[in-house]
Every structure is written in C-alpha cells, then in structure tokens.
Amino acid sequence: MKKTLVLCLSVLLVLFAACAEGGRGSGTKTAGQEDTMDITLTIGTQTFTATLAGNEAAQAFAARFPLTLDMSELNGNEYYGYLAGALPTASTNPRKISAGDIKLYGSDCVVIFYKSFATSYRYTTLGTVSDSSVLQAALTASGGIVTFALAQEER
C-alpha cells in the first residue's frame, strides 16, 4: 500500500511539473504559434505600448520594424495604412472590434481601431494597444503618422 501511494504521488508530481513548465513559456509551441512581444507605437508626441499577437502575421509585421506608416481615418472608428508588401494572413471574423485592436485587412492593410463596434469583416489579428483611451486624439493630432518599433528599440 505504501509503495502504491508513493508511486501515485511520484506520477502526480511529474505531471504537475510538466504542466507548470509548459505554462511558463517553455518554448513549446503548437504549429503556427509564436511568442507574443511588446512593441511601441509613436503617434505624434505620444508613445503607446502594445502587445503583438503570437501568430505568423504579427511576427512578419515585427520583422519590418521600425516602420512608419502614413495612416488615413475611415468610418469614424479606425486609421488604416498600406504596407509595401503582403504579410501572411489567417483572417477570421472577430464579430467585435475593440478599441486598441491592431488588425490586418487583406494582406497589406494595417488597421488601428480607436472605437469598439460589431463587424462582419474578416481580419488577421496583429496585436492590441494597452491603453486606447487617448488613441483617437493622438491619431488625429499626428495626422495619422504612426511609427511601430520593438519595445527594446525605444530604450
């Protein structure tokens, strides 16, 4: 009985350790998944922190940093700008856009949303701005000029 109990506890300990290691960013990834990364968006005189999604499109986007886009306002809820070339896509219909979302429309159009709303369009998720409360004002004041950079490039 004592040997069985020790064996069961040992197995549980090994399973617990394996689960805990997987939850700490051990580098184990499923196909198509990458680690997320922090970036900055400089819009006029303000700097915003954002987190890029852990997908192929976001990784390809970050590979172009630092990147400055001249973005245009559309629909009273977003700014968009075109890239020089296509990014990989995995578009889905999110049904709801949240203020601060950074999405890819098609394969070469980056969109920063400053208002939340329901949508029927398909996008590839690139990331999310941490604090979007003054995003609209900053985008408007800068004329839509946005510089994307890796967080450590700003230091």
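N55 sits in the loop between β2 (46–52) and α2. This is a predicted model, in which local features need pLDDT of at least 70 and side-chain atom pairs count only at pLDDT 80 or more, while totals for chains, interfaces and linings use all residues. Residues are numbered from 1 along each chain as its sequence is written, and side-chain values use heavy atoms, with hydrogens and water left out.

| From | To | Distance |
|---|---|---|
| N55 side chain | A58 backbone nitrogen | 2.7 Å |
| N55 side chain, polar atom | T125 backbone oxygen | 2.7 Å |

Next comes F65. This residue lies in the loop between α2 (56–62) and β3 (67–70). F65 counts as buried because its relative accessibility is 9%. Buried means under 20% relative accessible area, exposed over 50%, and partly exposed in between (1.4 Å probe, protein chains only). F65 and T147 are 82 residues apart along the chain, yet 8.5 Å separates their C-alpha atoms.

Now the whole chain. It has three helices and eleven strands. These are DSSP runs, numbered from the N terminus: helices are H or I, at least four residues, and strands are E, at least two. From the N terminus on, the order is α-β-β-α-β-β-β-β-β-β-β-β-α-β. Of the 155 residues of the protein chain, 34% count as buried.

Methods:
A polar contact is a pair of N or O atoms within 3.5 Å; within protein, one must be able to donate a hydrogen and the other to accept it, and residues adjacent in sequence count only if both atoms are side-chain atoms.
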